[in-house]
Amino acid sequence: MNSFLKISILIISANFCNSGSIAQENHALAMNPLLNPGALPFQAVPFDKIKDADFRPAFEEGFRLQTIEIQKIADNPAVPTFENTMVVMEESGQVLNRVNRIFSLLTGANTNPELQKIDQEEAPRLTAQEDNIYLNAKLFARVETIYKNRNALPLDAESIRLVEFLYQKFVMTGARLSEEDKMKLKKLNGEEASLMVRFTNQLLAATKKAALVLNASDELAGASQGDLNAFSQNAEANHMTGKWMISLQNTTQQPISQSFSNRDTRKALFEASWNRAEKNDSNDTRQTIARLAQIRAEKAGLLGFPDYASWRLQNQMAKTPAAVETFFRKLVPSAVIKTKDDAAVIQVQMNKKNPGLQLEAWDWDYFAEEVRKEKYDLDENEVKPYLELNRVLENGVFYAAGQLYGLSFKERFDIPVYQKDVRVFEVFDADHKSIALFYCDYFKRDNKSGGAWKTNTTEQSYLLGTKPVIYNVCNFPKPADGQPALMSFENVRTMFHEFGHALHGFFASQQYPDLSGSKVARDFVEFPSQFNEHWALDPKVFKHYALHYKTGEMMPEALIIKIKNASAFNQVYKLTEALEASVVDMRWHTLSVKDPLQNSDSLEYDALQKAHLDLREVPTRYRSSYFLHIWGNGYAAGYYAYQWTKMLSEDAFSWFEENGGLTRANGQRFRDMILSRGNTIEYGKMYRDFRGGEPEIGPMQKAYGLPF
């Protein structure tokens with residue numbers, strides 16, 4: 001065979017092999033369940049078909065498609081118009097968005113080592129992809145042209161809002177920087193993204209490892225039988241026979257400590273929580289967060305701001321760190337005075353059992369519960385049998401939504417879930433039209449991030465023709481097999497809170513996905529959720545769900561009165577620990593580019609001392625080393641939002657009290673003027689339109705029993 005023929009055959013064979021490889025790759029993509037909405041209603045996720053190995057090729061395809069879509073917009077030779085630029089941008093990236101939403105849900109709620117590895121790989125790529133869009137000079141030129149001419153264009157109010165929103169996003173992201181500074185920013189963004197994932201993975205591992213293991217039953221004195229069974233089962237699941245294992249919640253204080261009469265156990269549990277991420281091992285987060293803070297300060301400096309908080313708050317309701325500082329000054333002095341008064345009362349109670357011992361952080365919850373029992377004759381263990389999780393959800397949370405907004409819910413058993421404890425409900429409006437899909441995942445797992453949150457895998461958009469698919473994820477203690485899930489009233493509040501976020505998503509009524517539902521500022525997004533907490537104690541709602549899990553009998557009126565009388569008890573403590581966390585967050589994010597790498601313990605101490613919040617008995621709700629909100633969950637320079645929106649929610653609820661409380665008419669008004677508006681109106685105006693004036697802090701101070 002001559003050499004020419006040999007070469008020809010090799011070329012043909014190579015081409016054939018290459019064609020076969022491409023065909024196989026295309027077939028694999030076509031079969032990838034992440035890339036196809038499929039036949040499930042609402043484009044629900046086919047969790048039963050998704051494998052970890054599907055994510056890398058799905059991300060790859062998502063990146064490829066969005067890059068083509070964006071470049072086509074940027075290279076369009078036609079004069080920039082709203083339709084050929086803004087609208088097409090809103091339509092772009094849908095494949096990548098869907099893959100990332102599903103991936104983020106699983107890495108938060110049901111992760112594993114393979115997903116964590118993929119997360120570490122993809123996080124900087126996702127950041128780089130965003131940079132490639134918002135630092136694209138040609139694309140920004142088109143956006144800027146439309147922005148400058150927006151008031152002369154035939155656009156409706158929502159379209160103008162979209163133009164302003166996207167223009168500000170481009171500018172905040174660095175579109176006006178020089179090419180040299182854009183490169184510096186891209187590098188910082190990539191490092192930040194990688195470190196955020198690293199922090200989240202370190203914290204998850206540290207929290208799991210720090211679980212408290214106890215060997216003797218007397219160490220657990222005071223715990224209910226249900227809790228003991230759960231602790232024992234937890235130990236068994238971790239191959240520890242004859243022991244009890246208490247997994248940690250994400251907060252400093254562990255709610256179960258209020259039950260333990262053994263002081264050594266309380267102290268051990270507190271120290272396990274306090275030191276979880278500071279063990280000088282691979283899960284120690286302190287170097288990670290110090291560098292994260294430094295990166296954010298450097299980014300702010302590049303973008304022309306003195307610190308990260310000043311840059312971050314410009315599109316929030318508060319606008320500036322100075323406004324947040326002013327807000328704090330209205331709360332901190334009276335909160336500290338009230339907390340010290342409460343500490344004195346609790347110290348007296350402690351002296352009855354432990355004369356001569358000083359009240360410490362690990363004593364507070366236990367003796368506060370003693371005071372609650374004595375002062376209000378209220379025992380949490382007496383309350384829990386009336387607060388069974390499924391009944392709270394269906395007869396409480398869902399019932400209140402029906403009374404206020406006309407919603408109804410039907411459980412779906414034909415839709416796949418990612419974990420057996422997850423439940424799915426279809427949501428129907430007052431006119432019986434199906435409007436959303438709702439998943440609830442309530443029990444704590446070792447592979448689930450701490451805290452509670454709401455997320456979407458599909459967002460509402462008339463442009464895209466999509467309806468919301470929403471998840472509430474929490475970390476309630478899971479009962480032993482065969483036992484009812486009995487809740488503390490605090491966890492009942494959490495369930496109502498997270499469902500408030502879900503309502504914000506259910507009622508979204510926007511054309512454009514970037515403005516839809518709960519895609520609003522951090523210091524506005526917690527407003528609907530905190531507002532919804534109020535219905536947990538509404539007499540009509542409470543009596544509908546507070547039924548004994550065995551007998552179905554309504555909670556006795558005397559016990560209801562006790563709960564209401566005690567509902568404000570110890571709440572200032574929770575306010576104070578949250579204010580401490582907010583101050584720590586703002587200190588980290590008001591560092592300047594000139595500040596050196598920080599020691600987290602020293603920074604916390606100095607920040608709390610300067611704010612007059614250095615209270616020994618009241619630890620910050622989150623220590624810097626496990627402050628997931630600000631290092632991994634997007635609340636950097638934004639933890640104050642919980643208190644800011646508490647002001648909004650209490651002020652809004654006072655309007656309800658003035659106008660008849662829980663009624664369909666009032667619910668519809670709140671839905672029409674707040675819950676359905678998304679980010680289509682400036683937040684201050686939206687609130688003023690509803691309330692008839694600026695938000696006032698008085699109702700919040702009244703709710704906490706603070707002088708004002």
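Modeller: Thr285 is buried, with a relative accessible area of 0%. Please bear in mind throughout that this is a predicted model.

Biologist: Where is Thr285 placed, and which residues is Thr285 in contact with beyond its neighbours in sequence?

Modeller: Thr285 sits in the loop between H10 and H11. Setting aside neighbours within four places in sequence, Thr285 is in contact with Phe199, Gln202, Leu203, Ala277 and Ser625.

Biologist: How many residues apart in sequence are Leu185 and Leu303, and what is their C-alpha to C-alpha distance?

Modeller: Leu185 and Leu303 are 118 residues apart in sequence and 8.8 Å apart in space, C-alpha to C-alpha. Leu185 belongs to helix H8 and is buried, its relative accessible area being 1%. Apart from residues up to four places away in sequence, Leu185 touches Leu135, Thr173, Gly174, Leu177, Lys299, Leu302 and Leu303.

Biologist: At what angle do H8 and H11 pack, and how is that angle to be read?

Modeller: Helix H8 (residues 179-209) and helix H11 (residues 286-302) pack at an angle of about 155°, and their axes are 9 Å apart. Angles over 145 degrees count as roughly antiparallel, and H8 and H11 are therefore roughly antiparallel to each other. Their crossing is left-handed. On the H8 side, the contact includes Asp181, Lys184, Leu185, Leu188 and Phe199; on the H11 side, it includes Ile289, Leu292, Ile295, Lys299 and Leu302. By class, this contact of H8 with H11 has nine nonpolar, three polar and nine charged residues.

Biologist: What is the class make-up of the contact of H2 with H4, and how do these helices cross?

Modeller: Helix H2 (residues 55-74) packs with helix H4 (residues 94-109) at an angle of about 145°, with their axes 8 Å apart. H2 passes H4 in a left-handed crossing. Phe55, Ala58, Phe59, Gly62, Phe63, Leu65 and Gln66 in H2 meet Val95, Leu96, Val99, Asn100, Ile102, Phe103 and Leu106 in H4. By class, the contact of H2 with H4 has eleven nonpolar, three polar and no charged residues.

Biologist: Is the crossing of H10 and H14 left-handed or right-handed, and which residues meet there?

Modeller: The axes of helix H10 (residues 263-274) and helix H14 (residues 361-376) come within 8 Å and cross at roughly 125°. That angle makes H10 oblique to H14. The crossing of H10 and H14 is right-handed. Arg263, Arg266, Lys267 and Phe270 in H10 meet Ala361, Trp362, Asp363, Tyr366 and Phe367 in H14. By class, the contact of H10 with H14 has five nonpolar, no polar and four charged residues.

Biologist: How does one judge which face of a helix is buried?

Modeller: An α-helix has 3.6 residues a turn, so residues three or four places apart point the same way. In helix H26 (residues 683-691), the buried residues are Tyr683, Gly684, Met686, Tyr687, Phe690 and Arg691. Seen down the axis of H26, these residues fall within an arc of 160°, so they line one face of the helix. They pack against helix H7 (157-173), helix H18 (522-532), helix H24 (641-658) and helix H25 (664-675).

Biologist: Finally, what should I look for in backbone angles?

Modeller: Most residues other than glycine have a negative phi, and most peptide bonds are trans. Phe42 has a positive phi, near 65°, and Gln43 has a positive phi near 55°. Phe42 is found in the loop between helix H1 (3-31) and H2, and Gln43 lies in the loop between H1 and H2. Phe42 is buried, with a relative accessible area of 16%, whereas Gln43 counts as partly exposed at 29%.

Methods: Residues are numbered from 1 along each chain as its sequence is written. This is a predicted model: local features need pLDDT of at least 70, side-chain atom pairs count only at pLDDT 80 or more; totals for chains, interfaces and linings use all residues. Side-chain values use heavy atoms; hydrogens and water are left out. Axes are lines fitted to C-alpha atoms, for helices over the stretch in contact, and angles run from 0 to 180 degrees between N-to-C directions. Helices (H or I, at least four residues) and strands (E, at least two) are DSSP runs, numbered from the N terminus. Angles under 35 degrees count as roughly parallel, over 145 as roughly antiparallel, 65 to 115 as roughly perpendicular and the rest as oblique. A crossing is left-handed if the near helix is turned anticlockwise from the far one by less than a right angle, and right-handed if clockwise. Contact means heavy atoms within 4.5 Å. Ala, Val, Leu, Ile, Met, Phe, Trp, Tyr, Cys and Pro count as nonpolar, Asp, Glu, Lys and Arg as charged, and the others, Gly among them, as polar. Buried means under 20% relative accessible area, exposed over 50%, partly exposed in between (1.4 Å probe, protein chains only). The arc is that of the directions from the helix axis to the C-beta atoms.
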